[in-house]
Number of protein chains: 2
Amino acid sequence: MALYEKITIIGMGLIGSSLARGIKEKSLSGKLTGFDTNPAAQEPIIQLKLVDQLSDNLMDAVKDADLIILATPVGAYSSIAETIGHHLKKGATLTDVGSIKSAVFDMLCPHICEGVHIIPAHPVAGTEQSGPRAGFSSLFHDRWAILTPAKNTDKDAVEKLSTFWEALGSNVEIMDAAHHDKVLAITSHVPHLIAYNIVGTAHDLEEVTKSEVIKFSAGGFRDFTRIAASNPTMWRDVFLNNKEAVLEMLGRFSEDLTALQRAIRWGDGDALYDMFEKTRRIRRQIIDAGQEEDVADFGRKHDE
Amino acid sequence: MALYEKITIIGMGLIGSSLARGIKEKSLSGKLTGFDTNPAAQEPIIQLKLVDQLSDNLMDAVKDADLIILATPVGAYSSIAETIGHHLKKGATLTDVGSIKSAVFDMLCPHICEGVHIIPAHPVAGTEQSGPRAGFSSLFHDRWAILTPAKNTDKDAVEKLSTFWEALGSNVEIMDAAHHDKVLAITSHVPHLIAYNIVGTAHDLEEVTKSEVIKFSAGGFRDFTRIAASNPTMWRDVFLNNKEAVLEMLGRFSEDLTALQRAIRWGDGDALYDMFEKTRRIRRQIIDAGQEEDVADFGRKHDE
């Protein structure tokens, strides 16, 4: 029997469409409804048969749904909640997949009627690509799905949503929303910001041409261009909604960078070596934890 | 007929051992001699039959060599040059594979007798792994090898060295050493520095545990740990020997980051979006230039 009788996914991009694929593959829903405002997304959603029903009306889409998943940029949550708030079934679970969690309650609660279980969630998974064609069902395999329910949230609803993520191949972690935002600030948000930043700095140089930046990018730069190619709207919304934790981590990053800069200026080789030596072990631990493949150079092919 | 009668590689780590493999595969040398001061490197060099002769004496190793390749961290160049300077064959070519180029003449010239062609070189290729076991012959395929000869360097010697790199699968670019150091500061040195730095910042946090950093690293952080796992001695020497260009690029990076930080603090979504949108195209151009594979998420497997 399906885990939920009807699931509605709002936003059918990389994450939403990957969810749709996984839900179908594992038969987690009796009926699967999708909704997306992007005109370019309609054709691939239909062509790839990602959902049972592609709705063009948000209120219709969520009608009778037992699980509603917001998979849009987080900046759209408030207005979606305002639209659907009075059309949700009593006892339904409203969740999301956004990269920030503290702000989710603020955006959703004012508009959602009582009797709906709001359980913010964040699958720590993705690629730099966007849109319904970019998704794939195994995106969540062996990745973490973090749920940040409020203390008084219905236990059964949380458990059912945990089962849902586990069925998609994820490990589930329950966490306080504020702590989530601190952890992700350092493991995801600040890394994206500095990747965007270095690519931007390189883009604007006068002395070094853009073609040289591209030509000689295999020296390390190209690694950063991957996450700097991520969805700009999604990331704008992340930074606008996790301001405090991002600014805090960014402050630490800049302090540390200033110390390294000073070591370079004063020719302090020992300080540089000590820093470069200690960071090496962390990658090994990430590989041992199953969060990265154990291959050199990300397994890039060298034998064409 | 072999391109050089005898080639000697000093330093048999990732790059030196990859060169040895490529030289053997393409029969570029009549005789291939290797030298490495690291005791742990001796066994794999012999076991893998990477060279015809593994020498334990630097002066013997370079004797009669037509091409001598320095593949050690650049900090060792001066003392090696001092040792071998008077033992090089007249007409031989002395080259290197280091990531900085302006300082190479300063380090080598004072010790090298006349009649030896000094041609600094830099293959823009590598992985985060070190040592003779990490090498492979196709490392240089479709990568750029930058040569930075002085204006008066013997044309035939430069051409022969270009042929050597092309035989290993590389494209050759001749460049001014100072310009090389600026280009690589942005495409390689600063990216490594900020990767080391973010991994260090994450390592030192109190509020977020190290196990959380590792667990949730798939949010972007793990990408940075790859180049932050590179050889610490090599990178210390790069920063000590490309101080000016690195500090200049780092200054620009920090200015740009401060602007982004300010946009986050003031909630300037348009500024963030514009920045994130413009960087997306650069990755596409790198892929189109053949310097990166056209696959999502570095081709990481998602279907275990």
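Author: A salt bridge is a side-chain nitrogen of Lys or Arg within 4 Å of a carboxyl oxygen of Asp or Glu. Here's one: the side chains of Arg300(B) and Asp297(B) meet in a salt bridge, 2.8 Å from N to O. Before we go on, this is a predicted model, where local features need pLDDT of at least 70 and side-chain atom pairs count only at pLDDT 80 or more, while totals for chains, interfaces and linings use all residues. Residues are numbered from 1 along each chain as its sequence is written, chains are lettered from A and ligands numbered from 1 in the order in which they are written, and side-chain values use heavy atoms, with hydrogens and water left out.

Reader: Are Arg300(B) and Asp297(B) buried or exposed?

Author: Both Arg300(B) and Asp297(B) are buried (buried is under 20% relative accessible area, exposed over 50%, partly exposed in between, using a 1.4 Å probe and protein chains only). Over in chain A, Asp297(A) is buried too, at 1% relative accessibility. Asp297(A) also has a phi near 55°, a positive value in a residue other than glycine. You'll find Asp297(A) in the segment after helix H13 (280-288) of chain A. Helices (H or I, at least four residues) and strands (E, at least two) are DSSP runs, numbered from the N terminus.

Reader: What is phi of Ser27(A)?

Author: Phi of Ser27(A) is near 50°, and again that's a positive value in a residue other than glycine. Look for Ser27(A) in the loop between helix H1 (14-25) and strand S2 (29-35) of chain A. With a relative accessible area of 48%, Ser27(A) is partly exposed.

Reader: How many salt bridges does the structure hold over all chains?

Author: Side chains of opposite charge can pair when their charged atoms come close. Over all chains the structure holds 46 salt bridges. Take Asp52(B) and Lys24(B), whose side chains form one at 2.8 Å, N to O. This pair links distant parts of the chain: Asp52(B) sits in the loop between helix H2 (39-47) and strand S3 (53-55) of chain B, Lys24(B) sits in helix H1 (residues 14-25) of chain B, and they are 28 residues apart. Asp52(B) is partly exposed at 46%, and Lys24(B) is partly exposed at 37% relative accessibility.

Reader: How many salt bridges are there between chain B and chain A?

Author: Between chain B and chain A the count is 20. In one of them Glu292(B) pairs with Arg222(A), with the closest N and O atoms 4.0 Å apart. Another has Asp204(A) with Lys278(B), at 3.3 Å between the closest N and O atoms. Asp204(A) lies in the loop between H7 and helix H8 (210-215) of chain A and Lys278(B) lies in helix H12 of chain B, so the pair joins two chains. Asp204(A) is partly exposed at 39% relative accessibility, whereas Lys278(B) is buried at 19%.

Reader: What is the area buried between chain B and chain A?

Author: The size of an interface is often given as the accessible area lost when the parts come together. Buried area is what two parts lose that way (1.4 Å probe), summed over both. Here that is about 11000 Å², with 64% of it given by carbon and sulfur atoms. Phe216(B), Ile264(B) and Phe276(B) supply 7% of the area that chain B buries against chain A, more than any other three residues.

Reader: How many residues does the contact take from chain B and from chain A?

Author: It takes 111 residues from chain B and 111 residues from chain A, where contact means heavy atoms within 4.5 Å. Ser188(A) belongs to helix H7 (residues 177-203) of chain A and is buried, at 4% relative accessibility.
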